[in-house]
Amino acid sequence: MKAEQIYLYILTGVPISLLTFSILNYLNEVENKAKARLYSLSEYDLSRSKSIWGQDIGVCNIILQVHRAFPPLAKFTAIQGAKAEATLLEAGKPGNMTGEQFIAFKELCAFLGFILMVAVLQVSNPVYIFAVTALAFFLPDLKLRDTINSSKKSIIRELPDALDTLGLMVGAGQGFNQAVDIYLKKSSNSKANSKKPTLSGLSAQLTIYQREMALGKSSQEALKGMSDRAKCAPLSDFVLSTVQAQRTGTPLSNALEEQAATLREKRFQLADMAGQKAVVKLLFPLMFFILPCCFLILFGPLLVNYINK
């Protein structure tokens, strides 16, 4: 293959990849706005609501219907969907998608990548076609992993302040569930006034906790379910200390204040570590991009004058 064709594929593939990520980010923002509007709905209404990632598209369900016509393919989709269900749960069930719908969505992305290379760009090399198709197949996994990481970072950032607020309200005589309700109302009002109202991170987990309580679960079961969903170490520590305080009858406000102080110290330590790592990460662009430009600006005119003489 000629070098011009390789450059053409690179110049077309990079903008298409950036466009795809931009579309996914836009869909995620639309979904977050829909979640913010659905914040005050009941569990029944929320379960009936569908987002643009879910059954409103309909294409995922059509693909699943095709899978059911072939038992081996349906069995494979069911196995992979069960594995993806845990990841979707950790990400907060975006779009109310099931594991099988997520696998169907990945297959749809792979099909679109194949059509892009064959029909639009008219690429004949099977290696490039396979590479782009595989990239499109795993693109939803990358987006889902990014959602999980963003959710965990949001929980770590919000948890110390939330524990301070809950501890103050519990110490003032409020019950734990009432304190959670007041915190969520304050959080929803602040997010509704922001430019990008979202329901994610700690607020989303506490909202699900409240809904599980309304459906009949005990407080300890709902807290353990929140810990299992998020799989975030600071949140798991908070759940463990809260459950132990409820079982032993110790003052919950003291446990929340101690947990908040510990988490805030850990957050400062993580910020310090991130700052130290940033110096090392900046070394490569400094050596290979910034310093050569500085040398070129400083000594370039001298070199030109020397060559002309």
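Reader: Which residues does Thr242 touch, not counting residues up to four places away in sequence?

Author: In this predicted model, Thr242 has its place in helix α10. Residues up to four places away in sequence are not counted here, and the residues that Thr242 touches beyond them are Phe176, Leu223, Leu252 and Leu256.

Reader: Is Thr242 buried or exposed, and with what relative accessible area?

Author: Buried means under 20% relative accessible area. Thr242 counts as buried because its relative accessible area is 1%.

Reader: Which backbone oxygen lies 2.7 Å from a polar atom of the side chain of Thr242?

Author: A polar contact requires a pair of N or O atoms within 3.5 Å. The side chain of Thr242 has a polar atom 2.7 Å from a backbone oxygen, and that oxygen belongs to Phe238.

Reader: Is Phe238 buried or exposed?

Author: Phe238 has a relative accessibility of 1%. The limit for burial is under 20%, so Phe238 counts as buried.

Reader: How many aromatic pairs does the structure hold?

Author: A pair of aromatic rings is described by the distance of the centres and the angle of the planes. Rings pair if their centres lie within 6.5 Å. The number of aromatic pairs in the structure is six.

Reader: Are the rings of Phe176 and Tyr209 stacked or edge-to-face?

Author: The centres of the rings of Phe176 and Tyr209 are 6.2 Å apart, and their planes stand at 75 degrees. Planes over 60 degrees apart count as edge-to-face. The pair of Phe176 and Tyr209 is therefore edge-to-face.

Reader: How many residues apart are Phe176 and Tyr209?

Author: Phe176 belongs to helix α7 (residues 176-192), while Tyr209 belongs to helix α8 (residues 201-214). Their pair links distant parts of the chain, and the separation is 33 residues.

Reader: Why is the pair of Phe176 and Phe238 described as tilted?

Author: The ring centres of Phe176 and Phe238 are 6.5 Å apart. Planes under 30 degrees apart count as stacked and those over 60 as edge-to-face, with the rest counted as tilted. The pair is tilted because the planes of Phe176 and Phe238 are at 40 degrees.

Reader: Which helices hold Phe176 and Phe238?

Author: The pair of Phe176 and Phe238 ties together parts that are 62 residues apart in sequence. Phe176 lies in helix α7, and Phe238 lies in helix α10 (residues 233-248).

Reader: Which residues do ring pairs link into a cluster with Phe176?

Author: Phe176 is buried, with a relative accessible area of 9%. Tyr209 is buried too. Ring pairs join Phe176 into a cluster with Tyr209 and Phe238.

Reader: At what angle do helix α4 and helix α6 pack?

Author: Helix α4 covers residues 71-90 and helix α6 covers residues 126-171. Their contact is made by Thr87, Leu88 and Glu90 of α4 together with Leu144, Arg145, Ile148 and Lys152 of α6. By class, these are three nonpolar, one polar and three charged residues. The axes of the two helices are 9 Å apart, and the packing angle is about 40 degrees.

Reader: Which residues does Thr133 touch, not counting residues up to four places away in sequence?

Author: Thr133 lies in helix α6 and is buried, with a relative accessible area of 18%. Its side chain reaches the backbone oxygen of Ile129 at 2.7 Å. Leaving out residues up to four places away in sequence, Thr133 touches Ala110, Gly113 and Phe114.

Reader: What phi does Gln122 have?

Author: Most residues other than glycine have a negative phi. Gln122 is found in the loop between α5 (99-120) and α6, where Gln122 is exposed, with a relative accessible area of 62%. Although Gln122 is not a glycine, its phi is positive, at about 55 degrees.

Reader: Where is Lys231, which has a positive phi although it is not a glycine, found?

Author: The phi of Lys231 is about 55 degrees. Lys231 counts as partly exposed, at 45% relative accessibility. Lys231 is found in the loop between α9 (219-230) and α10.

Reader: How many helices and strands does the protein have?

Author: From the N terminus on, the elements run α-α-α-α-α-α-α-α-α-α-α-α. The count is twelve helices and zero strands.

Definitions and conventions. Residues are numbered from 1 along each chain as its sequence is written. This is a predicted model: local features need pLDDT of at least 70, side-chain atom pairs count only at pLDDT 80 or more; totals for chains, interfaces and linings use all residues. Side-chain values use heavy atoms; hydrogens and water are left out. Axes are lines fitted to C-alpha atoms, for helices over the stretch in contact, and angles run from 0 to 180 degrees between N-to-C directions. Helices (H or I, at least four residues) and strands (E, at least two) are DSSP runs, numbered from the N terminus. Contact means heavy atoms within 4.5 Å. Ala, Val, Leu, Ile, Met, Phe, Trp, Tyr, Cys and Pro count as nonpolar, Asp, Glu, Lys and Arg as charged, and the others, Gly among them, as polar. Buried means under 20% relative accessible area, exposed over 50%, partly exposed in between (1.4 Å probe, protein chains only). A polar contact is a pair of N or O atoms within 3.5 Å; within protein, one must be able to donate a hydrogen and the other to accept it, and residues adjacent in sequence count only if both atoms are side-chain atoms.
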